[in-house]
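Hello,

Here is the structure we talked about. Please open it beside this email and follow along.

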Amino acid sequence: MNYTNYNMGPYNLHIIKNDDFKAINIKVNFKSKLDKNDITARNLLRLYLVNNTKLYPTERLMNVASEELYDLGYGSQGLVSGNFSIISFYVNFLNNKYTEEDNLEKSIDFLCEILFNPNVERKKFENKNFNIVKESLKNTIESKKENPRQYALDRLLEEMDKKSNYAINPNGYLADLDKLTEKDLYKTYEKMLTKDIVDIFVIGDVSANEIKELISKKFLINTIKKPVCTHFIDHDKFRSRVKTVKEEQDISQSKLYIGCKVDKLDLFQKQYVANIYSFILGGGPDSKLFQSVREKNSLCYYVSSSFKPICNLLIITSGIDKKDYKKAVGLIKKEIKSMMNGDFSQEDIDKAVATYINSCEAIYDSEVSILNNYVTAEYLGFDLMEERIKKIKTVTKDMIVEFAKKIHIDTIYLLQGGDQNEQEDLQ
Amino acid sequence: MNKKTFNKLGLDVYSETLDNGLSIYVVPMLNKHNIYATISTKFGANVNEFVPIGEKKMKRVPDGVAHFLEHKLFEQKDGVDPFTFFSQNGADANANTSYYKTTYLFSGSEKFKENINYLLDYVQEPYFTDENVEKEKGIIDQERSMYQDDPYWRMYEGSLANLVNEHPIKYPIVGTKESIYEITKEDLYVCYNTFYHPSNMFVVVTGNVNPEEVIKIIKENQNKKKFPNKQKIEIKKYNEKKEVSVKKQEIDMDINTNKLAVSYKIDISNLNDYTFYEIYNYILYYFDIKTGVTSKLVENLKEEQIIYEDFGLAVNNIDNYILINIFAETKEPEKLSEIIKQEINNKLIDKEEFERKKKCSISSTIMASDNIYHINNKIMSNIIKYGDIVYNDYELINNLEFSKLDKLIKSLSFNENTIYIINPKGK
């Protein structure tokens, strides 16, 4: 594997040459300072751009064209990442060795068609598709309660701090969506091309020179920008009393979500100590939470914790019967406390380290995972796989206890089911 | 040890059936870092009545027993949790139950010998007590609750139930609240002793391994254990009628947009000119062409804003039937169900579409050959679906012919179907 980074002025080009894969993946990231007011427009934009183009004026024709390219996969993502909004466009396709000679160039053309040849007339996006994509997004936002786990997480983050960047929903907001016009969307598009920081990541069995040449010929981006703020969110206010929020929905399993704020951390703590901590607390079937809440007390099917390094948050999630709410919260708090007291062994640490190393090794088997590892290295200054495997071994018990003491339980959120009356399933 | 090759994919499959009947398949993928190992029994939710080994009379077991058994195999006499063991070695372990099989698995790049020995040992040493069976009921009931809140899963299981009259695919994999609480230690042992004999099981290992060594380790492990002689397992046969059992069902849930499933029961008993591989794949191609992302149907429905998202598709095969489910989100479920039925019944197929879909299949076969999980899953599903591994997908796909597809579809009836609608509560 060989990594090359080219500063092309208006954008950075990252090429990871790797002979182990039969496919090539390309991801183009547009990064801008997070602003709640334009998140809806940015999300609609990325959905629109992969829906149709000038050359392929309907979604069906886009799909036909991608299938002609040996079923090239394509899509877009909208992320709220700390203090940034990142929208990504990606394609993955078979290497020329398995197709016709020019599949690489044609696939890059397809990506460029998405980015640089949208269905625009007189600085306005075409109306019919605009409405289709807009209505579809509207339906997505309106249906957010249909996924209780995601909904509970969104609501927890909102309740923790409505004004924070981490509470911003990457899907956007109905009130903003209703107001958006074809003209507004074009302005958002222009702004994305001229103001966002652009990174292009390419991975596969490729020649770096060939890729560099193709991209520089075809990528029509030419304004130079610099990052304006830090990626990470730190917390300066902590609650003296834990906030509790309960909300009702007609579901059979209640969702218990607990959000914790964490004091300012250095990069080593974020990448390594927090990881080991969260693994021991609630990382898998062998963790303290799983053993206590599920195995010993049979209160749930799933319970886990995860640390969000960009927002400095620790989130604990579980699905329970609402009658067990108090008991479950008590057990979870007890385990959080036991971590502070150093009530875990070197063996627990060793298991977490071994699992971490294995998951680093597994990254090598997936092009998308390798690519994402380079993305976090670029944006967050995180280490690459090899370095990670070395450094994780240096985490000590003292470091974990020190980290545990930085955790402040902030909000307990319960999405509780209505009556427990279920007739339909009695077949 | 036999060696065969996946044609055109550059992968070899080494296999051997041991004296006790256990089949082993190993695919070395030496440019990968990780190893994925699975052991499966051909026992899933589709079996609920059979003659227990050593007995003479058919026994009906409670629904959900295969899944319950999967949970309980993680219980060990020495009290050590298998998850703890795998975690110490940095491996990820899990298990899953489908209608057709139950699979126990791990993935990990280190300590393969220890891991595979442990996998075989814990699966082959059951330890069920009244107490540990009782403890699991609350956990599994929470798992059931979680699925109950998922409208698509509800619709999927509900549609399958309505398609059949007697076949056990009628019942939820996880069971019902009543059946879960009915299950006893004795039920588990009866199922275990009948279906977990090595001759009813198979091991698949993919990734960075030496095949001779893998087979040697497994052989040594099995030689140390004693199993009763192989016996033929007698499972209840169902004379499943051609007709669906329920034509239409509607339920309410706390959702925003109505959900619809249109499901077909396709009789394939009189298609003597075709192999099962052909029948299965031609039918899938047909539904993809008619309702997939490049269909005119989807394009029109999105334009008219009857749907916002693409359709979902599921396939099952029981006895002489192929069961197909088409899933949609729509505000006009009645109208949409009529439109879908009409489209499926008109049987007109565009030849160009068919040729392009073949290209997609070949591409996905090549892509999958890069991934240790995909290859392992392919082998498992081939064994379950076709009784053996399909080595020549590449040729088989290339040999599919439009005229044969056309003729096959014209000879099928799509008249046996059922509609499942979920309406937003209170709307």
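Predicted model: local features only at pLDDT ≥ 70, side-chain atom pairs only at ≥ 80, totals over all residues.

Chain B contains 15 helices and 15 strands. Its radius of gyration is 23 Å, close to the 22 Å that the globule rule gives for 427 residues, so chain B is as compact as a globular protein of that length. The C-alpha trace spans about 65 × 50 × 40 Å along the principal axes. Of the 427 residues in chain B, 44% are buried. Among contacts in chain B with a separation of 6 or more, 79% are between residues 24 or more positions apart.

In chain A, look at helix H2, residues 59-68. Its buried residues are Glu59(A), Arg60(A), Met62(A), Asn63(A) and Ser66(A). They cover an arc of only 160° around the axis, which means that they sit on the same side of H2(A). In general, an α-helix has 3.6 residues a turn, so residues three or four places apart point the same way. The buried residues of H2(A) pack against strand E4 (73-81) and helix H3 (103-116) of chain A, and also against helix H10 (296-303) of chain B.

After H2(A) comes Tyr70(A), in the loop between H2 and E4 of chain A. Tyr70(A) is not a glycine, yet its phi is positive, about 50°. Tyr70(A) counts as buried because it has 23 C-beta neighbours inside 10 Å, and the cut-off for buried is 20 or more.

Asn312(A) also has a positive phi, near 55°, and is a residue other than glycine. Asn312(A) lies in the loop between strands E11 (300-308) and E12 (313-320) of chain A. With 23 other C-beta atoms within 10 Å, Asn312(A) is buried.

Regards

Key: Residues numbered from 1 in each chain as written. Chains lettered and ligands numbered in written order. Helix = DSSP H or I, 4+ residues; strand = E, 2+ residues; numbered from the N terminus. Rg over C-alpha atoms; globule rule 2.2 N^0.38 Å. Buried ≥ 20, exposed ≤ 12 C-beta atoms within 10 Å, placed from the backbone. Contact = placed C-beta atoms within 7 Å. Arc of directions from axis to C-beta.
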